[in-house]
Amino acid sequence: MELWNFLDELKEKLDSLEDIKTEDYNSIEDAVNNARLEKPIWNRVNNVVAVFADLKNSTQISNRKTKRVYAKFLEYTGYPFVKINEKFDSKFIDIKGDGGLSLFSGRYAEIKAFLAAETFKTFQEKYVRGKFKSKYNINLSFGIGISKGDLLVKRIGRRKEDNNFFVWAGNAVNNAALISKYVKISSNKTIIGVSKDIYHILNQEKFRDYLILSCECSNKRNLWEREERFIGSNIDIFYKIESDWCKKHGEEYINTVLEIINES
């Protein structure tokens, strides 16, 4: 390799891409399908809801266990994350090693994103955490962040051998990742955190009894806790929930919320 010639050529290539342009799209699917490669054009989609799930203590788990065991952890993360988010109409899903990114857009995207996150959380708590705790002495839990904003997407890399991938830029993903980071250090269980604008949608009167308050199995109370942390460059508010879907009422509540969405 002629190192300096190679680096000079790389710099020249980047210099030719400095004039970044954006194109607007109405849906995540259109933005993805029209994403350009090796051109300085980023596709914009407005009002995207991002769900970011991140495994807690992943480095410690990887270092303490064999690669085969760690791979099993990732299977119990990736496959359920994809299938559950597909079920609730996610428009884009990407597995990030020991976590995942899922994007929602359109009417009631905030509600669908939360339903998906809460269902993934319930699956992990009901079927996964206890199994791996007893078998491998590992507490498998996640921080899940949900946020909303405009996003830019582009394919980065080269066409050769399909060596390229989608990159998303914007506050929806960045803030969801930050919220995920905050909530995963606050409990040994999987916790969901949502930005305040997401919470206000969940707290609408028609959804409140199903997404904010506890069910009839306990005294009616707000299941969410209010937090203040740095989100982006400012101190901002988000809300977190530790409860899972109730075994008795969870399916009923999901179906009722979906009916409200479909009839609205």
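Student: Does Trp224 count as buried or exposed?

Tutor: Start with the cut-offs. Buried means under 20% relative accessible area, exposed means over 50%, and partly exposed lies in between (1.4 Å probe, protein chains only). At 7% relative accessibility, Trp224 is therefore buried. Phe114 is buried too, because its relative accessible area is 1%.

Student: What kind of model is this, and how are residues numbered?

Tutor: It is a predicted model: local features need pLDDT of at least 70, side-chain atom pairs count only at pLDDT 80 or more, and totals for chains, interfaces and linings use all residues. Numbering runs from 1 along each chain as its sequence is written, and side-chain values use heavy atoms, with hydrogens and water left out.

Student: How many aromatic pairs are there?

Tutor: First, the general idea. A pair of aromatic rings is described by the distance of the centres and the angle of the planes. Rings of Phe, Tyr and Trp (its six-membered ring) pair if their centres lie within 6.5 Å; planes under 30 degrees apart count as stacked, over 60 as edge-to-face, the rest as tilted. The count here is 11 aromatic pairs. Take Phe81 and Phe120: the centres are 5.4 Å apart and the planes stand at 90°, so this pair is edge-to-face.

Student: Where do Phe81 and Phe120 sit in the chain?

Tutor: Helices (H or I, at least four residues) and strands (E, at least two) are DSSP runs, numbered from the N terminus. Phe81 belongs to helix H4 (residues 67–87) and Phe120 to helix H5 (residues 109–136). The pair links distant parts of the chain, 39 residues apart. Both Phe81 and Phe120 are buried.

Student: Which geometry do Phe114 and Trp224 have?

Tutor: Their ring centres are 5.4 Å apart with planes at 45°, so the pair is tilted. Phe114 is in helix H5 and Trp224 in strand E8 (residues 224–231), 110 residues apart. Phe114, Trp224, Tyr199 and Tyr239 make up one aromatic cluster.

Student: What should I check in H4?

Tutor: Check the span. The expected value is 1.5 Å times one less than the number of residues. H4 has 21 residues and reaches 30 Å from first C-alpha to last, close to the expected 30 Å. Then check burial. An α-helix has 3.6 residues a turn, so residues three or four places apart point the same way. The buried residues of H4 include Val69, Phe73, Thr77, Phe81 and Ile84. After H4 comes Asp89, with a positive phi near 70°.

Student: Which residue does Asp89 meet in a salt bridge?

Tutor: A salt bridge puts a side-chain nitrogen of Lys or Arg within 4 Å of a carboxyl oxygen of Asp or Glu. The structure holds 13 of them. Asp89 meets Lys91, at 3.1 Å from N to O. Lys91 is partly exposed at 24% relative accessible area, and Asp89 is partly exposed at 33%.

Student: Which salt bridge partner does Lys148 have?

Tutor: Glu110, with the closest N and O atoms 2.5 Å apart. Lys148 lies in strand E5 (residues 142–157) and Glu110 in helix H5, so the pair ties together parts 38 residues apart in sequence. Glu110 is buried at 8%, whereas Lys148 is partly exposed at 28%.

Student: Where do Asp236 and Lys196 lie?

Tutor: These two residues form a salt bridge, the closest N and O atoms being 3.3 Å apart. Asp236 is in strand E9 (residues 234–241) and Lys196 in helix H7 (residues 196–202), 40 residues apart.
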